[in-house]
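Notebook open, model loaded. I want to look up a pocket, a sheet and a helix pair, in that order.

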Amino acid sequence: MVPAEVRPTVLLRVLVTDRFRHHLWVQGPPAQQDLTVTSGLCTDPFPTKAAIGRLGEHGVSGTLLELSNTAVLHQMRRDQVSDTCRASSAASRKRRGLTPSDLKHLVVDEDHELIYCYVPKVACTNWKRLMMVLTGRGKYSDPMEIPASEAHVSANLKTLNQYSIPEINHRLKSYMKFLFVREPFERLVSAYRNKFTQKYNTSFHKRYGTKIIRRQRKNATQEALRKGHDVKFEEFVAYLIDPHTQREEPFNEHWQTVYSLCHPCHIRYDLVGKYETLEEDSNYVLQLAGVSGSLKFPTYAKSTRTTDEMTTEFFQNISSEHQTQLYEVYKLDFLMFNYSVPSYLKLE
């Protein structure tokens, strides 16, 4: 954990100076001198020398040639994030800063020098399983033998906010950092379906469903107000775009923006994987980590998966005004990760 005497005044801030170079300042208490480190990629398509070294150690031949196309693709994704961050920063005069508590979604693997920012509803259960295998030092071998409930126990994985400020800086500078993203509205519908249409998710019904129904439904029954078990998607959307909701507390992680969960304008991620190319991108990460010989991303077709067609149906009953307001909430995620405006939207 971050020492108590440091935690209240810690500020992490990144300034973009050119296309590939970031500087990270860590500011502690007034008596503590600022520390400056360099974090992020240079023009080398691979994230760290350590990653390249591990590839060589594990007998990957002709790596630069074999992976050049994939490396170029990931460079383009990094550039898209950087360009969006610059444009967003230029349009806003707000001063951005991070504290260690902002880093609780960044899972750390010391042995392989990896940092994974998990985003709920973007295959994070399987990636947490993989991280448990990687950090388990032999305790686990098959990720699919780890129950999903165990993968989500916070004590099973160490996150970056648990380190001291110098340790945070060291890992941000030298570890390979990656995340996975998904088309924002498809992810949102997936979250709604999982948290509000499944009978077993009573904790979400009580915590959020009752509040949504109380605010958004006229003439709600006493049962609905008490159980929060039948939230409509239209009510969920109205809740998300309600200014009162955003002032009250941060969004739950399942529908929070990737921009707010993983802070890609502060942290230079070496790899941005996509749900649409999940298996390919995941195995590329494992290859760079030097473990592809013994570990593969679990592959299985999930019959209940939220699709683009399903998402289109959910948005049919959302007014153009609410669609426009919702798009504004998730606009940075659309732009940053190069997702086009969905064709089914009727934006004002």
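Predicted model: local features only at pLDDT ≥ 70, side-chain atom pairs only at ≥ 80, totals over all residues.

Which residues lie nearest the centre of the second largest pocket? I looked the pocket up and found Pro250, Phe251, Gln256, Thr257 and Ser260 nearest its centre, out of 21 lining residues. I put down a volume of about 650 Å³ for this pocket.

The largest share comes from α15, with five residues. I also sorted the lining by class and got seven nonpolar, eight polar and six charged residues.

**Sheet**

Then I traced the strand order. I read β6-β4-β5-β7-β8, an open sheet of five strands with mixed pairing. At the edges I find β6 (158-159) and β8 (271-274), each pairing on one side only.

I zoomed in on β4 and β5. Residues 106-109 (β4) and 114-117 (β5) run antiparallel to each other, and I have four bridges down for the pair. For Val108, I see Ile115 of β5 as the bridge partner.

What lies across this part of the sheet? I see helix α4 (124-135) lying across β4, β5 and β7 (176-181). Against β4, I have α4 running at about 25°.

**Helix pair**

Back to α15, this time for its packing with α7 (184-196). I get about 120° between the two helices, and their axes are 9 Å apart.

Who makes the contact? From α7 I list Pro184, Phe185 and Leu188; from α15, Leu326, Tyr327, Tyr330, Asp333 and Phe334. By class I have seven nonpolar residues, no polar ones and one charged in this contact.

Methods: Residues numbered from 1 in each chain as written. Heavy atoms only, no water. Pairing = 2+ DSSP bridges. Contact = heavy atoms within 4.5 Å. Axes fitted to C-alpha atoms, helices over the stretch in contact; angles between N-to-C directions. 1 Å grid on protein atoms, 1.4 Å probe; cavity = no way out; pocket = protein on both sides within 12 Å on 5 of 7 lines; lining within 4 Å. Points joined across faces, edges and corners; volume = space filled by probe spheres on them. Nonpolar A, V, L, I, M, F, W, Y, C, P; charged D, E, K, R; others polar.
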